[in-house]
Structure formats: C-alpha cells, structure tokens
Amino acid sequence: MNEEIVVVLIEDNEDDQELARRALQRAGVRNKLVVLGDGAAALEFFAMAGQSGFAEPQRSYVILLDLKLPRVDGLDVLRALRQSPSTRSMPVVVLTSSDEERDLIESYEGGANSYIRKPVDFAQFSEVVKQLGFYWLALNLPAPAAVNQRQDDAARPPA
Amino acid sequence: MAEEVTLDDLPAAVSVRGFSNPVIEHWSRGAEELYGYSAEAALGRISEELLRSEYPVPLPEIEELVRLGGRWSGVIKQRGADGSPISAAVAWRLRRDRQGFPASILQVALPTDQAHSERVADLRRRLAAGGTELAAAVEELDAFSYSVAHDLRTPLRALNGFSRSIQEDFGAELPLAVQDDLARIQRAADRMGTLIDDLLRLSRISRAVIDRQPVDLSGLVHQLAAELATGSTRQVEWQITPGVWAEADQGLVRLALENLLANAWKFTAKNSSASIAFGVEQVGGEEVYTVCDDGAGFDMAQAGKLFTPFHRLHPTREFEGTGIGLAIVQRVVRRHGGRVWASAQTGAGAVFHFTLPALPAKGDR
C-alpha cells in the first residue's frame, strides 16, 4: 500500500463514518484518514490543500464521497473538485446508499472515477472497502503532485 | 340597474306549455333555431303534436311526476319543421299559479349531439386535470423513491454493522443466547435491506419510460431457460413455442419473463422431473401469452392476492422469496396496457397468462 496517500471520507452520518473507519482498519489500511462531515467542510479542506502554505501540499488523496450531504450536496462537491485545477485529477469514489439511475448518471457526468453502493451487510461492506483500498492505494498509480502544480500554474493569471 | 336577462337571451331552446292544457305559451329564439318553427307558428299549438314528441315513458306518467316533484329530465325524440329527427336532452320545471296549482311547464332542451360535445369537453377538462395530477404523483413517487434509496438503508447498516462488531469483538465471551440474538438482528437488517431494494425495483418499473420495439419472446425465453439451467442438475423439459413476438419494451418484458420463469423453476423444484412451457393462444382476436408449469401450484381461492407485493402463498421455509416477483410481472404488463392472470390447482401446477396489446399509435409513456 502506498501509505503516502490520504484517504478523505466525506460522509455526514456518524454511524457510517465509524463503520467506514472500522472497515478500513480491518482491511489493514493504515493511511491517514480525514473525515469531513458535510460538503462545505470538504470544499474548505480542498481549498486549503491547494494553497502552498498547506502542511502537506505534496500528498496524494483518494476521496470517498457520499452523495446526500448537508450544506453542499455531494454532486456539487464533485463538480467543484473537477473545476479546480488542484483537485481535478484526484480520484473520487462515490460511496453511497443509492443505486438510482439518476445518481449514477449525474455522478459519472460530474466526473466520478468510480461508483460504489454501500451494502447493508457489514461483512460485504468490509469486503468492498478492502477492494477499494487495494485498488486505489496499492494498484492504481496516483497523478504525480507535479500535475496538480502545473495545473495551478496554468490557471494562475500571468503576473 | 342590471340589464335584464330574458329566456330569449339563452342559447338553449326554451319553451313554456300549459300544464293541464298543453298549448305552447312561450317560444324562445333558441327554440326557433332548434326546431325551425317561428314563435308565431308555435304559440298556441299543442306541443306534443307540433313536435311529434316521443317520450321514454308515457307522457301522463311524466306529468304526474312533474305535478308531484316539480321537475323531470330525460332524453326525448322530436321532429323539426322540416321533418328531421331531433334527439334532445330536456329539463322540465313546474311553474305554479298564485294559489299554488300547477300552471305550466318550462322546458329547456339541448340537442343531444350538443349535450354530447359538452360532455366530451367536460371529460377533456377532467382528463387534463387528471394528467396534471398524474404528473404530480409521478414526481412525488420519484422524490419518495429517492429518499428511500438514500435514507432508509443507512440505519440498517448501523444495525447490522455494530451488532456484527460486538459479535466479532466479544463473540467467544458471549453466552450462546446473546450470539444468537445478534445474528437475528443482522439477518433482520439484511432482510429489510432486501425488501427496500425490492420496493425500489418495483417503483423503478412504474417510473420507467416505455420504449416499444418488436421483441422476440421465444428467443428471450430460450435465453432465460439456459440461464436457469446453468449449474443445475435438475431434469426440466422446456417446451418453447418458436416465433412468438410482441411489440413491447425489451428490458421490462425480459424482467417479467425472468420472474415468471424463475417462479416456474422454483415451484417445480420438488418434482423429480418437471416441465415448463411457453406459448401463445389467440383469444377473441387477442394474443394471450402463457407460462405453464407442473409444479406446486396454488389454491385458486388465494389467487386474488397473487400479485400483491410481498404477499406470499407459500411459507418461506418451503419456497424462498420476498414475494416481489409477480408484483413486478403485473406492473410490467400493466405499463404495457395488458392484463395478467393465473389459473392453478394445489399440487397440479400453475398457468400464468398475460397480454401485451400493441399500441394503435406511438408515444406511450
């Protein structure tokens, strides 16, 4: 596992936060986990992460995003992440209760990399989290930090 | 002072005839137009003779009703000045003199073709209102399903997850009875998750847009039969009538057949050898498709509840399932404007019949 990667869980339900935490533990994921309880907090977090003064600007992130969130909806968070140069290439996994077609369509149109429906059964959920961890933290190579850096430079107006 | 409105201003044919002496006392412009007689020609004439009226019941009976109740309405046949037949919906009102004795009858007549067109206009208005209501209902169903999909499963994950967590962390230390209870909680949460998923599947059919195309039903049944037989050692004889087509939504019809065949497969599981058949019959110019098995069947006394969601005719321990399959079949068939029904006998198999009427015009939703 690439333990440099930070897992960001954007989820408002405290039970679901706790279950995800335990599932990650069981899966042996020791990466840093940031839990954000609503969409606005998520946007603030990534606005800060894009700034050069942020503690760990070189880190890579994997975002686990719930759709139904207070303050700023999950789909709006997704669209905002895709618009900002510093977050555009971050993998976003939609992790939610619903498998309604319109949620799937809007998620993928909004630029989600993956869509996973949370199973009711915890054993199945643990298995899902394990697979997720294996794919995004071990198998998949994240975009180098330079990609985001370059995008930031391109987005900045010439001095 | 407000302008006075007289009977002559009404577009309807209004006339007044004496009660005991049935001569015409008043003849409106509308009556002139409808019957073709001028007021001059009509006044003083006996109404029934002039118009050659035919009543649905003898006139004296009607007059008696009017005398007692003050009113009558019905459809009568009359003839205009040129001899042409006129069918009119008429309303009669009794007018009394100062002493309260019946004096005359006021008649308002509307030719039934006009009455008919007004009824059509009224139906159209109601249909339009119904359409708006229907759209609102679909929107509400959408919103309801959305919140079911997102919100109802969340507490179940907590129930299942945390009880499993207790079991895993303290499993060995817990008394057997407690372990058993925890397992029950998990199973119940899982089952409710399945029920919610079933409900959502059902509501998805109601919300789906129907896309009608020619569908090879025989081909579909062959495919589905092969899927059911995969990995099974059961002896099942399939009789599939070839070349059966319907104009229907491919995805939805597949879903309906899948459920019907899965049912036939399930309820023949206890047969040492079973037979399942798909075919079509012509009944009264209509194509009726049938799925027939020789399995457990059911008691026809219970047939009324067969298509009710989550209603099961067999106990879960005999045959598994949540009771959603036939509800799905019925909804698919109804979305196509068709009917589904069953005939069976306990222990002697079941036959499911359904129709998928072709649309006269495109554009069904």
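Author: Between chain A and chain B, 18 residue pairs are in polar contact, both residues of a pair being at pLDDT 80 or more. That confidence value is needed here because the model is predicted. On the side of chain A that touches chain B, the elements giving two or more residues are α1 (14–26), α4 (101–109) and α5 of chain A. The most comes from α1(A), which gives 6 residues to that side.

Charged side chains also meet here. Across the interface of chain A and chain B, the rule finds 8 salt bridges. One of them can be followed atom by atom: B:Arg164 pairs with A:Asp121, and their closest N and O atoms are 3.1 Å apart.

Next comes the extent of the contact. The size of an interface is often given as the accessible area lost when the parts come together. For chain A and chain B that buried area is about 2,100 Å², with 47% of it on carbon and sulfur atoms. Within chain A, the residues that lose the most area to chain B are A:Lys68, A:Glu100 and A:Val120, and together they account for 30% of what that side buries. Counted by residues, the contact takes 23 from chain A and 24 from chain B.

Now for chain A as a whole. Chain A has 6 helices and 5 strands. Read from the N terminus on, its elements run β-α-β-α-β-α-β-α-β-α-α. Chain A has 159 residues, and 48% of them are buried. Of the contacts in chain A between residues at least 6 apart in sequence, 69% join residues at least 24 apart. The accessible surface of chain A is about 7,800 Å², and carbon and sulfur atoms hold 51% of that.

One feature of that surface is a nonpolar patch formed by A:Phe134, A:Tyr135 and A:Leu139, with about 320 Å² of accessible area together. A:Leu139 belongs to helix α5 (residues 122–139) of chain A. With a relative accessible area of 51%, A:Leu139 is exposed, because the cut-off for exposed is over 50%.

The backbone has a point to note in each chain. Most residues other than glycine have a negative phi. A:Arg71 has a positive phi, near 65°. A:Arg71 sits in the loop between β3 (61–65) and α3 (74–83) of chain A, and at 65% relative accessibility it is exposed. In chain B, B:Arg52 is not a glycine either, and its phi is positive at about 50°. B:Arg52 is in the loop between α3 (47–51) and α4 (59–69) of chain B, and its relative accessible area of 46% makes it partly exposed.

Another arginine of chain B has a buried setting. B:Arg212 lies in strand β6 (residues 212–216) of chain B and counts as buried at 10% relative accessibility. Its side chain reaches the backbone oxygen of B:His336 at 2.8 Å. A polar atom of the B:Arg212 side chain also lies 3.0 Å from the backbone oxygen of B:Glu247.

How values were computed: Residues are numbered from 1 along each chain as its sequence is written. Chains are lettered from A and ligands numbered from 1 in the order in which they are written. This is a predicted model: local features need pLDDT of at least 70, side-chain atom pairs count only at pLDDT 80 or more; totals for chains, interfaces and linings use all residues. Side-chain values use heavy atoms; hydrogens and water are left out. Patches are made of residues with over 30% relative accessible area and no salt bridge: like charges are joined within 9 Å, nonpolar side chains (Val, Leu, Ile, Met, Phe, Trp, Tyr) within 5 Å. Accessible areas come from the Shrake-Rupley method with a 1.4 Å probe; for residues, only the protein chains shown count as cover. A salt bridge is a side-chain nitrogen of Lys or Arg within 4 Å of a carboxyl oxygen of Asp or Glu. Helices (H or I, at least four residues) and strands (E, at least two) are DSSP runs, numbered from the N terminus. Buried means under 20% relative accessible area, exposed over 50%, partly exposed in between (1.4 Å probe, protein chains only). Contact means heavy atoms within 4.5 Å. Buried area is the accessible area (1.4 Å probe) that two parts lose on being put together, summed over both. A polar contact is a pair of N or O atoms within 3.5 Å; within protein, one must be able to donate a hydrogen and the other to accept it, and residues adjacent in sequence count only if both atoms are side-chain atoms.
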